[in-house]
Protein chains: 2
Amino acid sequence: MNQEQPGPARRGHGNRKPAATIYDIARHLGLSPSTVSRALNKPGRVNAKTEQRIREAAAALNYRTNPMARALPTGRTNTLGLILTDITNPVYFTLVRGAERVAAAAGYTLVIAESQESGELEAESAERLLQSVDGLVLVASRLDDASIGALAERKPLVLINRVVDGVPGVVPDVVPGIRDALDHLAVLGHTSLAYLSGPSVSWMSRVRWETLLDEAPRRGMTIVEIGPGAPTLDGGQEGFRRVRASGVSAVVAYNDLMAIGLLRACRCAGVDVPSQLSIVGFDDIFGSDFTSPPITTIRTPLDLAGEEAVHQIVAALSEGDVPEPRRVSAQFVRRESTAAPGRPLVV
Amino acid sequence: MNQEQPGPARRGHGNRKPAATIYDIARHLGLSPSTVSRALNKPGRVNAKTEQRIREAAAALNYRTNPMARALPTGRTNTLGLILTDITNPVYFTLVRGAERVAAAAGYTLVIAESQESGELEAESAERLLQSVDGLVLVASRLDDASIGALAERKPLVLINRVVDGVPGVVPDVVPGIRDALDHLAVLGHTSLAYLSGPSVSWMSRVRWETLLDEAPRRGMTIVEIGPGAPTLDGGQEGFRRVRASGVSAVVAYNDLMAIGLLRACRCAGVDVPSQLSIVGFDDIFGSDFTSPPITTIRTPLDLAGEEAVHQIVAALSEGDVPEPRRVSAQFVRRESTAAPGRPLVV
DNA sequence: GCCGTTTTGCCAACCGGTTGCCATTCCGGG
DNA sequence: CCCGGAATGGCAACCGGTTGGCAAAACGGC
């Protein structure tokens, strides 16, 4: 008679049919919902024969467990959050990919959010995500140490490219890469360098600068910091005038994006790279090997960092043991944007 | 006495303090949870004075509404899903960014999943996401029409770069861009073209090919299809031998990635671009303007497509009216990988 | 046939919100 | 002073799972 299926009020919009629940299966089979739940999740808890019937009914009804309904009593969402400063920054491609793979393998869904380089937006995203997530990965966080500590107290949290006392983090060791890069520049005959620095709130930019500041003088080279600037093509381009004015023969940029931006500005201004200015980038992003000339860079293996961070969270979530963080370190990649200094830049 | 807070079992791992609930606020104020709920969500439903007290208590306890608990009775998660073939493909950067911005503006969280060019994985992701999401955006879906139709019946769904009858979709109109590109090549004097095609399951690749097949002869040019190939640098590189063997003077690649791959292969083989071979790409991805030479390409405004798709879903979710899809069309971008044909490619 | 143990399934409470409906209070008007 | 209606807050059911505890059933040994 009720060919129109008057039934209970439809959920959602339009007239879509509601998803099957364990109650549907139970009713169908004359069992209790709790039995269905156990059959599906506690292997061996119910009779094998019954379990088989339940599984078949579930398949027939195309049943999927409702993640929210499960999360409510268990407190586990099987979801991990990843917050980064800028989705469109190529540095993070491989990081996201690595994190995604490991998360998926461990049965977690990864939710990606973007803070657009703003600490405020980041705090907001973190706050929102924290509710619906089992753990959080913060990449190059712009938050202050205290805020990060507070977040870490609420849910398992791992940092990437940032170190905060008492909070687990994975950060590639830049020292080997920087040493090799400086050796390379020294051998070529460079004696005056500049560091084109990134955002002032970037912990990573400071680390790179401090390392350069430490290592350059040991090789008899002078070094100055130029910046801070936005970690983008534009940021690099904007640094050009100051680089030129500084009279240095080689520049290490905070990242490849800035290096490429600087490279462009040089080309526009008729400054030849590498004969008039050597440029070294950071990260080895997609695209840095098909600029002209290809960018010499210091590769930070962020795919590994992404994998490792998620590994740590998953481990913290399952047992609580310390899984001995794998060490990842940066690696110098020689390409063609560096050469022996020729004519001085300022004529 | 209970200075150790024996209380109910802690949720989650470690000894993190549980989040405040509306019950905490209610108890604190001697009110009912339902009053708290209404005070926070139904403006005007409770006495302004009471509402004020509740808001203050909520702030003091740092209360955040639990999204899962809310989603359960309402069926609304305030989450949108976005499934694409390959996160690391630069084409999608701006698309993701655009979608994210619109989603955030409308109060939705965007969950991004990757299908790795596999229809099976895509189906699985879609199935999993569908439970916890209010709507879904499928980018360049590898699923067959029937599966897509089935998904669309369960939740609001919008396609990007794919057309399926009865399912809303946004796909940039490539015709204007292709016409301009062909005009450009014709004026330069090219008479024989090749299309380096993408994956055979890519609807978009077929559309581009059909359009070329239609338009090239009208301009007195011959055209052949070479492929299919992977839509990656490698895919482009692998097409090189066949392009060379075909003897054409200009190639239109399925996308910029393949164009760049082909460009590299040319350089390796000592074939000069553009004097010996003209190359046109698609999409205008990050990086296509700093290759050497910069790639002439047909830009598909995927940021707009991403925005538009999310707009449509949000509209479907809020009212159900048809928001008159905004038309987005591809645009020819002339750079330096195209020139008049010089010496024939095969000597 | 009896008893103890194990297996198997169900009851009911709970997670943290939302919401229909009802009871009470408050208000002004007649 | 009485009445009707609006304003306000509470009760209880519900969303769809999970889980501790228990009772019934099955089983096995003597």
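Thr77(B) sits in the loop that links α4 (67-74) to β1 (79-84) in chain B; helices (H or I, at least four residues) and strands (E, at least two) are DSSP runs, numbered from the N terminus. This is a predicted model, in which local features need pLDDT of at least 70, side-chain atom pairs count only at pLDDT 80 or more, and totals for chains, interfaces and linings use all residues. Residues are numbered from 1 along each chain as its sequence is written.

**Around Thr77(B)**
- Thr77(B) counts as buried, because its relative accessibility is 14% (buried means under 20% relative accessible area, with a 1.4 Å probe and protein chains only).
- Leaving out residues up to four places away in sequence, Thr77(B) touches Met68(A), Ala71(B), Ser132(B), Val133(B) and Asp134(B) (contact means heavy atoms within 4.5 Å).

**Where the chains meet**
- Chain A and chain B each bring 54 residues to the contact.
- Together they bury about 4,800 Å², with 58% of it on carbon and sulfur atoms (buried area is the accessible area, 1.4 Å probe, that two parts lose on being put together, summed over both).
- On the chain A side, Arg16(A), Met68(A) and Phe290(A) lose the most area to chain B, together 15% of what that side buries.
- Eight salt bridges cross the interface (a side-chain nitrogen of Lys or Arg within 4 Å of a carboxyl oxygen of Asp or Glu).
- A salt bridge joins the side chains of Asp289(A) and Arg264(B) at 2.5 Å, N to O.

Terms used. Chains are lettered from A and ligands numbered from 1 in the order in which they are written. Side-chain values use heavy atoms; hydrogens and water are left out. Buried means under 20% relative accessible area, exposed over 50%, partly exposed in between (1.4 Å probe, protein chains only).
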